[in-house]
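Work through the two exercises below with the model open. Each task is followed by a stepwise solution.

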There are 2 protein chains.
Amino acid sequence: MSGVDSAVYLVFLSTALGILILSGIVLLLVLLPVAATDNNLKLSANSSTSNGTFNDLDKLSMGNVKANSERLWAFLIATYWVSFVTYYLSWKAYKHVSGLRAAALKSPDVKVEQFAVLVRDIPAVPEGKTRKEQVDSYFKGIYPDTFYRSMVVTDIKQVTKIWVKLEGYKKKLARAEAIYEQSKTTGSPEGKRPMNKTGFLGLVGKKVDSIEYYNEKINELIPKLEAEQKVTLREKQQASALVFFTSRVTAAAAGQSLHDQMVDSWTVIDAPEPRQIIWKNLLIKFYSREIRQYVVYIIVALTILFYMIPIGLISAVTTLKNLVKYLSFLKPIVEIVAIKTVLEAYLPQLALIIFLALLPKLLLYLSKAEGIPSQSHAVRAASGKYFYFTILNVFIGVTVGGTLFDTFKTIEDQPKELVSILAKSLPSNATFFLTFVALKFFVGYGLELSRIVPLIIFHLKRKYLCKTETEVKEAWAPGDLGYVSRVPGDLLIITIVLCYSVIAPIILPFGVLYFGLGWLILRNQALKVYVPSYESNGRMWPHIHVRLIGALLLYQVTMLGYFGVKEFRYTPFVIVLLILSLIFIFVCQKKFYRSFQSVPLEVASHELKESPNMEHIFRAYIPPSLSCEKDEEQFEDALSQVSRTTSSV
Amino acid sequence: MSGVDSAVYLVFLSTALGILILSGIVLLLVLLPVAATDNNLKLSANSSTSNGTFNDLDKLSMGNVKANSERLWAFLIATYWVSFVTYYLSWKAYKHVSGLRAAALKSPDVKVEQFAVLVRDIPAVPEGKTRKEQVDSYFKGIYPDTFYRSMVVTDIKQVTKIWVKLEGYKKKLARAEAIYEQSKTTGSPEGKRPMNKTGFLGLVGKKVDSIEYYNEKINELIPKLEAEQKVTLREKQQASALVFFTSRVTAAAAGQSLHDQMVDSWTVIDAPEPRQIIWKNLLIKFYSREIRQYVVYIIVALTILFYMIPIGLISAVTTLKNLVKYLSFLKPIVEIVAIKTVLEAYLPQLALIIFLALLPKLLLYLSKAEGIPSQSHAVRAASGKYFYFTILNVFIGVTVGGTLFDTFKTIEDQPKELVSILAKSLPSNATFFLTFVALKFFVGYGLELSRIVPLIIFHLKRKYLCKTETEVKEAWAPGDLGYVSRVPGDLLIITIVLCYSVIAPIILPFGVLYFGLGWLILRNQALKVYVPSYESNGRMWPHIHVRLIGALLLYQVTMLGYFGVKEFRYTPFVIVLLILSLIFIFVCQKKFYRSFQSVPLEVASHELKESPNMEHIFRAYIPPSLSCEKDEEQFEDALSQVSRTTSSV
């Protein structure tokens with residue numbers, strides 16, 4: 001098993017697969033014959049000459065059933081069937097994932113994050129006390145028996161900068177030595193010492209002996225790093241701390257409890273894993289976090305709704321003509337016919353393509369800017385935002401797209417019309433989305449399976465860049481599963497397939513193929529290829545689940561509209577389903593959600609394999625740029641000493 | 001000090017007083033001259049003959065300022081002044097109350113409820129275990145060091161019935177003995193043994209010697225009670241329990257923490273005080289509570305909005321004519337002229353008067369039906385509901401009332417109009433509300449101060465009913481402050497005064513008088529007369545506060561509308577205030593609210609005067625109908641014995 005997070009993702013894939021298979025069997029067997037034997041399209045084609053094109057695919061869809069026909073009962077029952085299958089399987093999946101999470105949390109292995117809490121918004125240090133003393137006395141007072149130790153969070157921006165530089169030089173030194181060793185075997189026996197230029201990107205400046213130069217730089221930086229470490233520990237202490245307990249139950253209870261009379265001070269939450277702490281976000285204060293959150297929400301909403309405006313503007317400006325006009329040195333290149341044709345075709349979309357490629361990164365950046373303290377939480381937040389973007393722009397955008405601008409006036413007058421417009425334009429886009437889903441699994445999973453892009457990059461890197469063992473390893477780091485864009489992508493597919501399931505059931509086999517292949521391939525990839533860079537014990541699941549039921553709601557709303565378009569007298573029966581879905585979401589949130597937010601005490605109270613090594617747990621949280629091999633005691637000493645002077649000055 | 005709850009109520013009164021005094025000084029000095037020296041009313045009276053009446057009071061109001069006059073700046077600034085005074089004083093009050101609550105919670109006295117938690121929704125008892133063993137092992141596992149003991153909640157409906165009967169007979173016996181003793185001193189020396197009839201209300205049936213009869217009854221009931229106690233303890237155990245800890249911190253943390261992976265089982269909340277537990281609500285399950293809550297909300301919303309319909313119907317049916325027709329034996333009484341006049345005048349309103357008198361009780365009943373486990377929480381909930389009723393019906397109803405039905409069509413078309421209708425009809429009702437506020441404090445507080453109604457009842461009771469010392473004491477039990485109707489009443493007054501403060505500042509002195517008198521009188525009453533029947537440590541405050549700011553919001557909305565009516569060009573400046581109020585509510589809720597919901601751990605960690613007597617704490621929670629003097633051990637024994645047999649059968 002490669003972690004609960006991957007397992008949760010696979011549960012999602014298999015649930016989606018299950019929903020589509022169970023729906024598919026019934027819908028294909030029942031609805032296709034019902035639709036194919038009617039002749040609405042033929043009739044309307046005969047009666048109006050302008051609308052005379054339909055293909056065999058359309059014949060198999062709900063569009064081929066006459067308005068207010070008795071046959072629509074079959075489609076109504078099918079709508080119920082799909083909904084109940086979704087309720088049942090997603091309920092089972094929620095229970096299963098909840099069990100997985102509990103099992104992981106109650107495991108007898110010592111997990112460092114289960115013994116720590118993160119304390120933020122600590123009030124100003126009282127006169128004559130250090131920050132560490134303040135934190136220690138506060139928590140010792142509350143937890144006299146189980147408090148172990150605290151670690152004051154410092155602003156490590158500067159020290160990390162130096163540390164990254166130092167690590168860079170160390171790598172470069174290793175690389176230079178490797179080249180030197182290599183040259184000994186290939187060229188002259190005494191070898192050729194590698195040289196490099198000291199200026200910008202190694203392109204300009206004085207040429208020096210690399211090994212000597214890097215050694216020199218490293219020797220220069222080590223004392224600088226040590227000095228900065230000392231300064232950081234003493235003078236850059238922040239109003240946050242990590243507090244360690246000797247008991248899992250205490251840590252779990254502390255993470256859920258209010259500690260101070262003022263809710264905005266001494267806020268305590270569960271500590272993230274050391275590897276996924278976003279250190280710089282620990283410095284952000286309570287109200288700043290709140291405000292950032294709302295600002296980010298507004299920015300994202302504006303981006304999702306109006307991203308076409310700036311991109312349209314950029315596209316309008318960056319025509320070929322303008323490019324040539326302002327960057328005249330490009331003229332000779334552009335005038336080659338082949339290049340000109342390509343540029344003319346793709347330049348207008350270039351801004352859009354770049355935007356879409358960068359969007360997940362942008363959303364992740366924005367989510368981090370909210371002040372979220374852990375990587376996994378930021379990924380969840382970004383993934384949720386990306387979901388809204390894809391649904392709104394890809395699905396609703398494409399479906400309603402054409403008709404929307406023509407009928408904009410109508411919508412403004414009667415907002416209720418939106419549903420019926422959505423419903424009316426769905427059938428005509430069925431073919432487009434069939435192709436979309438098919439393309440997605442052929443191209444997407446083909447690439448995924450072969451991992452062709454990373455493979456190419458890897459080989460290029462190995463050939464031209466990598467010299468040492470570490471470098472080769474780093475080049476072939478498969479990294480995370482990339483939930484930010486992967487989960488919303490899958491959710492988009494299930495939304496599309498659900499929305500078309502009853503209208504054009506022929507889409508279901510494609511959906512089954514997508515999730516079937518996805519499950520097979522990802523199971524392999526998750527087990528053997530990807531290495532998760534963090535573990536949130538399945539906290540992704542509630543977000544997936546609520547969006548899955550959201551997709552179901554969208555499907556039910558479209559069906560409501562489409563039955564209305566078909567003038568079916570019993571259309572209001574669909575409203576029952578909408579209410580059921582809302583109740584289902586409500587019950588699921590009530591029953592399961594809180595145990596995904598925090599660790600239930602009963603779960604935390606299970607016994608451990610061995611008594612935890614608290615010293616080891618404490619050390620796990622020291623950021624690498626602050627850990628110092630020779631003087632192990634320095635860290636604590638510095639923390640408890642000098643801010644007393646600062647505060648008493 | 002008679003408890004934090006009374007103190008909180010006094011803080012509310014003094015805050016309202018402060019707001020009105022600070023507003024009043026500025027508004028009366030500035031706005032009255034500005035309004036009085038203009039002549040809008042005179043002009044409009046001259047120009048139209050139909051609208052020719054205005055009195056001196058109207059001259060002092062904003063209505064006397066010409067439309068779009070520069071003078072409106074003064075009123076706009078006044079609107080800001082009142083808002084900022086409210087923000088400042090209510091913020092200070094929130095801080096003060098928060099401090100009061102913290103002080104009460106961290107007090108070194110042992111309070112039994114701080115050592116207990118209430119556990120509900122316990123899953124089915126596993127095979128071969130008793131309920132008590134199940135609860136004990138669960139909590140011992142989580143809190144090995146601080147768990148003391150548990151008490152399984154039983155269904156005490158039957159046993160309480162018998163116990164109440166028994167207590168009734170005991171009282172009656174004491175009374176009969178007192179009468180007998182009295183008769184010895186007043187009548188013949190051997191006295192006259194009191195007699196009573198055994199039938200309905202002592203009016204029919206066989207006549208018996210009271211003392212003998214009651215003794216007999218008591219002797220009959222005691223073994224019945226004991227038998228029922230045993231049955232209750234053994235067979236009527238429910239899925240709830242009270243769990244006791246030896247540490248305040250653990251109890252406080254437990255009340256805030258999630259215990260089980262499934263959120264709907266083993267739900268733990270802070271235990272209410274023993275005297276305010278609503279035992280029968282402890283039997284209600286998780287989802288039942290949720291559903292009850294929503295059902296009650298819907299019922300209350302319907303009651304508030306449409307209560308006039310059934311009452312109108314009842315009034316229509318219960319005319320004098322109908323009464324005479326169906327209850328012909330009333331005819332001779334009704335035909336007396338005096339009675340007829342009175343009945344004809346008041347009968348139509350009778351249903352309304354009865355409804356209004358019973359409404360607080362009805363709302364309290366409905367709030368209890370939600371499944372709330374503590375008396376104080378139910379009172380809070382009922383008080384909140386009553387507030388919405390008074391605001392909607394008394395304030396908005398009276399103000400908009402007349403105009404509303406005429407312009408109902410307009411509102412349906414343009415809901416925004418409601419604000420301007422409200423604004424337009426405000427000035428004309430100023431006199432009505434002036435009288436209303438004046439009446440409220442003259443009559444209301446007059447009655448309060450003299451406590452004339454309870455006094456009359458007391459004297460009547462003492463003269464004709466009370467025979468024993470206990471009975472006299474009970475008759476003069478001043479009881480609670482009655483927050484259910486008192487707080488909404490005061491909130492209605494501050495809403496009215498705030499809404500009129502700028503439009504007709506002359507209302508402010510009346511408001512000051514109301515709250516000034518209220519504060520003086522209630523301080524006396526709270527300190528010397530009333531005896532609180534429970535103590536929630538100020539949990540009422542957030543509810544008062546949010547409604548106070550709600551009143552401010554209503555005031556700002558009306559001002560927005562009224563400036564609009566006055567065609568003032570800078571009206572949008574009022575919108576800034578609306579946004580500020582929303583932010584203010586948000587910040588207050590964020591900063592303070594959670595510490596009113598639960599006990600902060602730092603507060604709970606303060607040291608106690610003496611180590612708590614756990615046995616005493618445990619006993620405090622035994623319901624009186626189950627406590628049994630002779631066999632102290634029975635309770636625990638019974639609990640731990642017999643349900644094993646039940647579950648293993």
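**Exercise 1.** In this predicted model, determine how many residues of strand S5 (residues 237-245) of chain A are buried. Then find which strands pair with S5(A).

*Solution.* 
Step 1. Apply the cut-off: buried means under 20% relative accessible area. Nine of the nine residues of S5(A) are buried, so the strand is mostly covered.
Step 2. Take strand S1 (residues 116-120) of chain A. S1 pairs with S5(A) in the antiparallel sense, over four bridges. Within this part of the chain, A:Val117 has A:Val243 in S5(A) as its bridge partner.
Step 3. Take strand S2 (residues 147-154) of chain A. S2 and S5(A) also pair in the antiparallel sense, here over six bridges. A:Thr154 stands opposite A:Gln237 of S5(A).

**Exercise 2.** Describe the contact between chain A and chain B: its area, its salt bridges and the helices that supply chain A's side.

*Solution.* 
Step 1. Get the extent. The two chains bury about 3,100 Å² between them, 59% of it on carbon and sulfur atoms. A:Leu258, A:Gln261 and A:Lys591 supply 22% of the area that chain A buries against chain B, more than any other three residues.
Step 2. Count the residues. Chain A gives 37 and chain B gives 37.
Step 3. List the polar links. There are four salt bridges between the chains. A:Lys591 forms a salt bridge with B:Asp264, with the closest N and O atoms 2.9 Å apart.
Step 4. Assign the helices. Those supplying at least two residues each to chain A's side include H4 (72-105), H8 (248-256) and H23 (573-597). H23(A) gives the largest share, eight residues.
Step 5. Sort chain A's side by type: 20 nonpolar, nine polar and eight charged residues.

Conventions: Residues are numbered from 1 along each chain as its sequence is written. Chains are lettered from A and ligands numbered from 1 in the order in which they are written. This is a predicted model: local features need pLDDT of at least 70, side-chain atom pairs count only at pLDDT 80 or more; totals for chains, interfaces and linings use all residues. Side-chain values use heavy atoms; hydrogens and water are left out. Buried means under 20% relative accessible area, exposed over 50%, partly exposed in between (1.4 Å probe, protein chains only). Two strands pair if DSSP finds at least two bridges between them. Contact means heavy atoms within 4.5 Å. Buried area is the accessible area (1.4 Å probe) that two parts lose on being put together, summed over both. A salt bridge is a side-chain nitrogen of Lys or Arg within 4 Å of a carboxyl oxygen of Asp or Glu. Ala, Val, Leu, Ile, Met, Phe, Trp, Tyr, Cys and Pro count as nonpolar, Asp, Glu, Lys and Arg as charged, and the others, Gly among them, as polar.
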